[in-house]
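User: I'd like to go through this model with you. Can we start with the terms and then take the features one at a time?

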Amino acid sequence: MSFLKRAWLDIKDNIQEWTDNDEVCVRPYLSYATREKIIIRGRVLENEGVVSIEENTVWDNFVQTIRMLESDEKKNTQILIEYEDKIFTTQTDDEGYFYSEIYHSHQEVDTDQLVWKTVNVTATEELNETGVASTAKAQFLLPHARTEFIIVSDIDDTVIETGVNSFLKLEAIFKTLFKNHQTRTPFDGIAEVFHKLQHNSNGQQVNPVFYLSNSPWNLYHMIKSMFKFRDIPLGPMFLRDFGIKFGKERIKFNQHKKINLERLMLDFHDKIFVLIGDATEKDAPIYLEIYNKFPSRVKKIFIRASSKERQNEEIRNLIAQNPNAPFHLITHSDEILLNM
């Protein structure tokens, strides 16, 4: 770890000690299993008590977003995971994140819908006022025998209108700071399209959706709540940890989408993928690189057009230079279904 990052974390620790009055909570992230392993992910943070409702004022939303972004994480905390009468342990890192791969073989489920299972996750060293350790249930998605393809979608300006393409990203900043899960708006028709994509050719809802985003993990629960409120199918998400990055950490930060998409391709090594992104955040070159590496396993690539014609022209040139890649530049969500 670099000297500058170490110094920054020490400063945060001191501030946290001065202001540490909130109850600690375990916040697991939706995750997944393969036939060989279960992945459990999450973070241990102070509970900021953020509650977002439609009647919140702009100021309410601003204050709550700042509280989400200014997280007080609990580092080096032991995590206990209970699954099928077995106990597994891991530990949070310097940013409060925990990640565990439990090697446990699974038969693919064979039902009419996707199946989620839960494990108990406990931060054994973080006790509340009554002496009880902070515990939560982590959900993970089981692999399914009837899955025809896996959907991987970007979030910002692909599912949610964020305005990341606006001047100095001012629109994106405004929407992040001043809107909540009930006032953020998805693109027209995207929820219905994703629900239809989840159905295989026999009408069974067994094609899972995974989400990639360059948004910070601090916004995870707001995004998840917005998806539930707008009836957008839930799925495991891959967000980023914001902060000072150097060396390998900076490379990993910048290549976040590519790294996690490739991980999914390897984890589900016998599945076909449909990739969905937008023209504003360089999704197309990333998806093209994945297609070139796994050409037989990428069924379709959909790129939502930008409001800036220059960016759309870049995508058209990329498509022209790679005629075998299954690219589609779209302007409306319905075009995804028309081109499947």
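Analyst: Residue classes to begin with: Ala, Val, Leu, Ile, Met, Phe, Trp, Tyr, Cys and Pro count as nonpolar, Asp, Glu, Lys and Arg as charged, and the others, Gly among them, as polar. The model is predicted, so local features need pLDDT of at least 70 and side-chain atom pairs count only at pLDDT 80 or more, while totals for chains, interfaces and linings use all residues. Residues are numbered from 1 along each chain as its sequence is written, and side-chain values use heavy atoms, with hydrogens and water left out.

User: How many cavities of 30 Å³ or more does the structure hold?

Analyst: Four. A cavity is a set of points on a 1 Å grid over the protein atoms alone where a 1.4 Å probe fits but cannot get out, and lining residues have an atom within 4 Å of a point. Volume is the space filled by probe spheres set on the points, which are joined across faces, edges and corners.

User: What lines the second largest cavity?

Analyst: T34, R35, E36, E108, P143, D267, F268, H269, D270 and K271. By class that lining has six charged, two polar and two nonpolar residues. The space inside is about 60 Å³.

User: And the largest cavity, which residues are closest to its centre?

Analyst: L142, P143, H144, P208 and F268, out of 13 lining residues. This cavity has about 80 Å³ of space, and its lining divides into ten nonpolar, two polar and one charged.

User: How many bridges join β1 and β3?

Analyst: Six, with β3 covering residues 37-46.

User: Is S153 buried or exposed?

Analyst: S153 counts as buried because its relative accessibility is 0%, where buried means under 20% relative accessible area, exposed over 50% and partly exposed in between (1.4 Å probe, protein chains only). S153 lies in β9, residues 150-154.

User: What does S153 touch?

Analyst: Leaving out residues up to four places away in sequence, S153 touches T158, V159, F194, F210, Y211, L212, I276 and Y287. Contact means heavy atoms within 4.5 Å.

Methods. Pairing = 2+ DSSP bridges. Helix = DSSP H or I, 4+ residues; strand = E, 2+ residues; numbered from the N terminus. 1 Å grid on protein atoms, 1.4 Å probe; cavity = no way out; pocket = protein on both sides within 12 Å on 5 of 7 lines; lining within 4 Å.
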